[in-house]
Every structure is written in structure tokens, then in C-alpha cells.
Amino acid sequence: MARPRLLPLAGPLFAELLLGIAVGVVGTVLAARLGDRHGAAFALANQVLAMLFIFFRVVGAGVGVVVSQALGGRRRDEADRVARATLGAATWIGGLGALGALLGAAPLLRLMNAPPEVLPLATTFLQTLAPAVLLDAWNATQASVLRSHLQARPTLRVIVTTQLLHLGLAWVAMSEASWGWGLGLPGFALALLAGRVLGLVLLRQLWQQRLGLSTVLADWWRLPRQTLAPVLHIGLPGAAENIAWRMAFMVSVAVVGSMGTTAVATQAYTMQVMHLLLLTGLATGLSAEIVVGHLVGAGRLHEAHRLVRQAMGVGLLVSGGAAVLAALAGPQLLRGFTDDAAIVRTGAALLWITPLLETGRTFNLVLVNALRAAGDARYPVLAGAASFALVLAGGSWLLGSHLGLGLMGVWIAYAADEWIRGLLMWRRWAGHGWVPHARRAHRRLRHARA
């Protein structure tokens, strides 16, 4: 079996992630045109949806790894069983998340401190969006399986098609001009649901046409425990890591909130630039996960080790270079968001921390995904928990608030957390602590074939 290549996977993944961010930006602009209350409601409802979707990581973090391992071990039958099983798991997790958004919209938004004038708008918007949690769970499962089969480009074409439909319908539905429908935020939600339904249909067609993988009705609700066990072995620690990081990050958000409105605005605008910078590391990490999974399944561990070193080199070079360019262009980039000289000056200074921050993040994203692909899923969350609590959360408070360094202190804590965890992951990888887990995964597939 020829080794799957990194670049043909990383390119479409980067484009897909970039498109997702672009859609979020356009949605924010469309909502803001309706008024500040609508813009705030849009942001808060989407934060709640992101929180609910974390629970899908229980399955989502494991399906791609287990399918990739099975394909690398020439166990196509096992890969298909896992794919069908995760559809059922997506139904249950996505369905519960959708129910939570529908019935718990107002309480969840109150937990986010939604202002009284924003709460009714955000509640209606979130309730309209609720079915998207289930649709996203189905679509993410199908897309992950396709990528594991190295079908990244066809998957990207589906994503582009659905997002274009979403944006086109949203533009018409939200517009109050004579040719628009004037539905406001619910119009954006309905447009999103239409795009997701189209995505569900197109991705299912790709399963049938590209993979020869058909489903029956029972596949969409069954939970075969034995088949899902390897997925949960990878997915549960992955979800725990995401939840722990988000809780620590929210502490840093609270620290920034205590600094006043100018600090919050500076953080928000600078984060928009940073979100673009992290795409390189994220795309490299996700594609490395797929390739390493294939190699582990095939028992080609030396190749997996070399692949990760190569991915690290490419990822660090590209992410570091992009961060330096963003720092050089910082004032111009930030003036696209605001004319406030104080915000531009502080934000531009923060962007000079991003070369250190983004190289550390790339370290993490490549190595954590590689460890997970090798079956070593628990180490990243166990090793990272202390850094989340002490460095990310505690460091943000200590440097930003207690020592009075402000936003610079918070961002220094971000960079320190990424590098500390990255070095811990590198020690694990370079020390071959992942090898017993990879061999165990390979043996599982070999014995199942026998």
C-alpha cells in the first residue's frame, strides 16, 4: 500500500476551515447590519452552539482515527462497520444537543450573561438553529469518514456548495430591501438548515458513489457497543481535552472582561486575525492524524515517526512565517475593524506574540493529533490538564491582572501554555511512548482479520 500523502489532505482541509471562518464573518456582518442587538444575539447563540457541539467530540475525535487505522490494516469491513456505528452515535448525541438548544435556549443564554434586550432575539435565533446540531453531527461524521478514505477534495466540493447555498439564502432572507424577505436572524438560521440538509444528501451520495457504502434505517439509531468501543477509547479523552481547554480559556476571557470595554474589543479584533493564523497548524494536524492512522493500521511505525517530524517542520515554518507577516501588517489589519488608535496600538503589539504563540500551537496540533492517531489518546489530556489550569487560566490571572501586564500578560500565558504542552507532547512522541499503543491497535486489527 502506498503511503497516503500529507499535502493532498492538508490543502482541502485548509480551504474548508478558511471557508468556515469566512462564513462566520459574513454572518456577523449580516447580523450587525440589522443592529447591535442582532449582532450580539448572533454571537451569543453561536457560542452556545459551539459549547453543545463539543459533546459530539466524544465520537468525532475517534471516528477518523479508527477508520484510518482499519483502512491502513486492510480491514475495509471493519472501517465500514465503524462508519455505520458512528452514524447512530451521531444521531443520539446530536439529537440530545438539538433538544438542549430547543428547550434550554433561554437558560443557556442567561448563563452567557445575555443582556435583557438581547435575550429574546438570541433565544428565538438559537431555537431556530437547534436542528443544526443534529445535522452537523451527521455531516461531520460522514465527512470524517470520507477524509479517512482520502476523499478530501470531493468532501471540500460538497462543503463549498452547501456554504454558498447557505450564504445566498441568508443574504435574501435577512435583507429588508424590496427584494428581500426581511426575516432577520431566523432567516439566517433557516438558510443554514437548508445548506446542512443539502450537505447531508450530497455526503450520503459520496458514501455510495466513492466508497460503495450504503446504509439502512437502523444504522441511523443503533449503538453497537463493541464496534464503538475503539472510537470511544479515542474520543472520550479528546472530548475531555476540548472541555478542559474551553473552561480554562473562559477564565482568561473573564480576566480580559475585568479590564474594561477597550480591552475586550482589542481582544476580539486581534483574535479574528489569530483565528486565520491557526488554520495552517490545524489543517496540518488533522491531515497528519489521517496519515498516521493509516500507517499505524499497516504497522509502519517508523514511517509514521518520520511523517510526524516532516509535518512538524513544514507546520512550524509556515505558521511562524504567516505569524510574522501578520505582525508586520498588524496596524493595517486591525484598522479593518476599528479606527480607535489605542485598540490598534495594543492589538498590533499583541500580534508580535503570535509568532511564538502559533509555532507552539502547531507543535500541539500536530503532535496531539498524531498521538491520538497512534491510539495514545489519554496522554494529551492528562499531561495538558495541569497546564490548562496553572498556565492558561492561572497565568492569565497572574500576569494579566495580578501583575498588571494587561492583555500582554494574558497573551504571554497563551503562548506559554502552548509551548509547555507542545514540549510535553514532543517528549512523549520522541521518547516513543506512543509505540505500545500503536502496536496494540495494529494487533487488534490483525487478530480481527485472523
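Modeller: What follows is a close look at one cluster of aromatic rings and then at the nonpolar cores. The model is a predicted one, and it holds 11 aromatic pairs. One of these is formed by Trp245 and Phe249, whose rings are stacked, with 4.9 Å from centre to centre and 10° between the planes. Both residues belong to helix 10 (residues 225–257), where they are four residues apart, about one turn of the helix. Trp245 counts as partly exposed because its relative accessibility is 27%, whereas Phe249 has a relative accessible area of 18% and is therefore buried, the cut-off being under 20%. A further pair, Trp411 and Tyr414, is tilted, with 5.9 Å between the centres and 50° between the planes. These two residues lie in helix 17 (residues 406–430), three residues apart, which is again about one turn of the helix. Trp411, at 0% relative accessibility, counts as buried, and Tyr414, with a relative accessible area of 6%, is buried as well. Ring pairs link Trp245, Phe249, Trp411 and Tyr414 into a cluster.

Turning to the cores, the largest nonpolar core has 97 residues, of which Val292 and Trp429 touch the most other members. Helix 9 (residues 185–210) gives the most to this core, with 10 residues. Apart from this core lies another, of 18 residues, and Phe249 is among them, as are Ala248, Val255 and Leu357.

Technical notes
Residues are numbered from 1 along each chain as its sequence is written. This is a predicted model: local features need pLDDT of at least 70, side-chain atom pairs count only at pLDDT 80 or more; totals for chains, interfaces and linings use all residues. Side-chain values use heavy atoms; hydrogens and water are left out. A nonpolar core is a set of buried Ala, Val, Leu, Ile, Met, Phe, Trp, Tyr and Cys residues joined through side-chain atoms within 4.5 Å. Buried means under 20% relative accessible area, exposed over 50%, partly exposed in between (1.4 Å probe, protein chains only). Rings of Phe, Tyr and Trp (its six-membered ring) pair if their centres lie within 6.5 Å; planes under 30 degrees apart count as stacked, over 60 as edge-to-face and the rest as tilted.
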